[in-house]
Amino acid sequence: MRALVLRLAFSAVASLASVGLAPAQTIKPAIVYDLGGKFDKSFNEGVYQGAEQFKKVTGIDYRDFEIQNDAQREQALRRFARDGFSPIVAVGFSQATALEKVAKEFPNTKFTLIDMVVNAPNVQSVVFKEQEGSYLVGLLAAMASKTGKVGFVGGMDIPLIRRFACSYVQGVKAANPAADVFQNMTGTTGAAWNDPVKGAELAKSQIDRGADVVYHAAGGTGIGVLRATADAGKLGIGVDSNQNGMHPGKVLTSMLKRVDVATLTSFSDAKDGKWKPGVLVLGLNEKGVDWALDEHNKALITPAMKAAADKAAAAIVSGTVKVHDYMSDGKCPL
Amino acid sequence: MDALALLQIIESGLRLSVPLIFACLAGLWSEKSGIVDIGLEGKMLIAAFAAAVAAFLTGQAWIGVLAAVFASTLLGLLHGFASISQRGNQIISGVALNMLAAGLTALLGNVIFKQGGRSPPLDGAARLPELALGQSAMTILAISAVLLTALALARTRFGLRVRAAGENPAAVDNAGASLTRLRYGAVILAGILCGFAGATLSLGQAAGFLPMMTAGQGFVALAALIFAKWRAWPAFWTCLLFGLLDAVAIRLQGVSLPGIGAIPVQAIQALPYLFTIVLLAGFMGRAVPPRAAGQPYVKER
């Protein structure tokens with residue numbers, strides 16, 4: 001009992017001190033990663049890099065958690081919320097159901113959800129127009145392909161990944177209407193984000209059928225896809241983070257999804273008291289998606305390809321080219 | 001589907017079945033001697049981990065394979081100690097090994113590489129090279145292991161005694177052979193074979209280690225063992241069938257078949273499992289395990 005009183009008194013003093021001494025809001029940020037893990041070289045790792053950057057700039061440390069199964073999402077979110085962490089970044093569309101529940105229980109905690117929308121007064125939802133970036137890499141893939149056949153390997157078979165696939169096809173057909181596109185999904189459960197052996201087999205099967213550029217949207221599974229394309233002397237296309245450096249000269253480009261920027265913005269807005277709930281939609285115009293050009297793939301991107309991609313990007317931003325969004329109607333017209 | 005596509009499916013199926021073949025043979029040796037081995041999964045996992053670490057540090061794939069065999073054999077001996085020397089429950093010991101391997105590899109991986117249990121990607125000589133038809137040396141090793149196992153169990157003194165140890169341990173004991181030594185021998189063989197299975201996973205099929213990368217293959221191998229009624233060549237064909245079904249599932253995806261149209265991804269992926277259940281339920285008949293499997297032997301006094 002005495003210990004409890006002491007602890008209460010101590011925490012009261014501590015909270016007073018933090019209010020009194022720190023004029024800028026000090027925050028306790030936290031992250032719950034999706035299956036696939038912090039170092040998937042892709043989606044989750046982008047979030048990690050954003051958080052690390054925040055730590056470097058502000059010196060404010062953060063806590064994170066890598067879930068091992070679906071049941072841990074809710075536990076992890078609730079645990080962080082109960083321990084007073086805010087903002088809490090939930091990575092991945094699969095966190096939506098758990099987040100909806102936990103956000104209701106902790107109305108004073110700020111949550112940022114990446115890749116899905118949850119309508120609640122304390123939730124900020126960040127979604128990306130992946131279709132715009134995928135269209136551009138599809139265009140580049142078709143221009144780089146010598147066989148006129150390109151491939152796509154998705155992770156889990158969900159509308160979000162179908163959106164990547166659909167707009168990729170649209171981009172390919174824009175550059176070469178006669179091109180063939182092979183599409184494969186790795187699986188139907190969360191394990192599909194972390195299965196590089198299967199990813200490699202899928203890529204090999206597409207290469208066997210003649211594909212010479214393969215785009216993946218498969219998280220950790222994509223490591224296998226990029227390795228298989230590099231082994232076969234073909235080209236891969238990375239996703240989410242810049243993956244050009246994983247096999248220099250063998251990765252045509254990467255479709256960048258700036259989850260790092262989203263994380264950094266969420267943390268620093270919370271720190272400056274500017275954090276707002278609601279839905280943020282980031283596309284080409286907002287620099288939320290892009291394609292990567294660096295020293296590793298400079299030799300692969302010809303000036304004509306760069307010009308075509310830049311032109312298409314400008315056309316998408318101005319609205320003269322409409323990229324189909326699979327998630328708007330659940331159909332792919334191509 | 002033309003001949004080339006068929007050849008590619010066979011290549012891919014053979015490639016995918018290699019770790020299964022090794023693990024299934026490991027289970028065969030262990031269970032023939034009377035030691036039930038639920039821990040195939042754990043041994044494969046720790047072998048895959050040891051292979052990736054050693055290959056990454058030395059840059060040599062074959063050192064990785066040696067490390068895999070060493071780590072897996074060590075874990076096998078632990079199982080042997082619990083179930084042979086201490087006469088413990090073999091199922092519990094096996095489950096414990098699986099848990100130990102799952103936790104230990106992720107933990108050590110995180111301590112060594114600080115990448116969430118993952119090892120850095122392996123390149124060049126740190127990976128098993130592809131020889132021909134998409135196969136590495138492990139495929140040849142797997143097929144020779146099947147050949148040797150079948151021969152040893154049917155013809156050699158050690159093999160016959162191992163079989164006797166699993167059927168009627170008292171008889172082996174009465175005949176004056178050391179049951180303990182026979183069973184330890186079989187457990188060590190199982191460890192070596194699981195080592196090859198794990199090394200194939202992390203050095204051949206993938207380029208590096210991932211937590212839980214065995215993904216239940218040890219249990220599939222156990223199922224294959226039952227399916228094959230504890231015989232070497234049937235075990236080989238069963239594993240090959242499982243590998244082929246996996247390969248077919250991968251290739252059939254998104255291909256539209258005449259008259260049916262494109263089959264949904266989910267249906268294709270359920271195919272290997274569905275097929276397994278149908279075969280197991282309908283076409284197999286009774287599978288009788290070695291009679292003394294799972295029972296610790298207590299000498300009569």
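How many of the residues of β8(A) are buried? Five of its five residues are buried, and β8(A) is accordingly described as mostly covered, where buried is the label for a residue with 20 or more other C-beta atoms within 10 Å of its own, exposed for one with 12 or fewer, and partly exposed for one in between, the C-beta atoms being placed from the backbone. Both faces of the strand take part, with A:Val213, A:Tyr215 and A:Ala217 buried on one side and A:Val214 and A:His216 buried on the other.

This is a predicted model, in which local features need pLDDT of at least 70 and side-chain atom pairs count only at pLDDT 80 or more, while totals for chains, interfaces and linings use all residues. Residues are numbered from 1 along each chain as its sequence is written, and chains are lettered from A and ligands numbered from 1 in the order in which they are written. The element names refer to DSSP runs numbered from the N terminus, helices being H or I runs of at least four residues and strands being E runs of at least two.

The strand β8(A) belongs to an open sheet of six strands in chain A, with the order β7-β6-β8-β9-β10-β12 and mixed pairing, where two strands are said to pair if DSSP finds at least two bridges between them. Strands of a sheet pair through backbone hydrogen bonds, either parallel or antiparallel. At the edges of this sheet stand β7 (180-187) and β12 of chain A, each with a single partner strand, so one side of each is left without a neighbour in the sheet. From one strand to the next the twist averages 15 degrees.

Within this sheet, β6(A) and β8(A) run parallel and are joined by five bridges, with A:Gly151 standing opposite A:Val214 in β8(A). On to β9 (residues 235-240) of chain A, β8(A) pairs in the parallel sense over three bridges, and A:Tyr215 has A:Ile237 in β9(A) as its bridge partner. The pairing of β10 (residues 251-257) of chain A with β12(A), by contrast, is antiparallel and extends over three bridges; there A:Met255 has A:Trp291 as its bridge partner. Helix α6 (residues 159-175) of chain A lies across β6 (149-156), β7 and β8 (213-217) of chain A, and runs at about 170 degrees to β6(A); such angles run from 0 to 180 degrees between N-to-C directions, with axes taken as lines fitted to C-alpha atoms, for helices over the stretch in contact.

A second open sheet of chain A also has six strands, in the order β2-β1-β3-β4-β5-β11, and its pairing is parallel. Here β2 (63-66) and β11 of chain A stand at the edges with a single partner strand each, so one side of each is left without a neighbour in the sheet. Strand β5 (residues 123-128) of chain A pairs with β11(A) in the parallel sense over five bridges, and A:Phe128 has A:Leu282 in β11(A) as its bridge partner. Helix α9 (residues 259-271) of chain A packs on this sheet, touching β3, β4 (111-114) and β5 of chain A, and its direction makes about 175 degrees with that of β4(A).

Turning to helix packing, α7 (residues 196-208) and α8 (residues 221-231) of chain A pack at an angle of about 40 degrees with their axes 7 Å apart. The two helices are therefore oblique to each other, since angles under 35 degrees count as roughly parallel, over 145 as roughly antiparallel, 65 to 115 as roughly perpendicular and the rest as oblique. Residues that make the contact include A:Ala203 and A:Ile207 of α7(A) and A:Val225 and A:Ala228 of α8(A), contact meaning that C-beta atoms, placed from the backbone, lie within 7 Å.

The contact between the chains takes 22 residues from chain A and 17 residues from chain B. On the side of chain A that touches chain B, the elements giving two or more residues are β7, α7 and α8 of chain A, and the largest share, seven residues, comes from α7(A).

Finally, some backbone details deserve a look. The peptide bond from A:Ser86 to A:Pro87 is cis, with omega near 0 degrees, and A:Pro87 is found in the loop between α3 (72-82) and β3 (88-91) of chain A. Phi of A:Lys287 is near 65 degrees, a positive value in a residue other than glycine, and A:Lys287 is exposed, with 11 other C-beta atoms within 10 Å.

Conventions:
Two residues are in contact if their C-beta atoms, placed from the backbone, lie within 7 Å.
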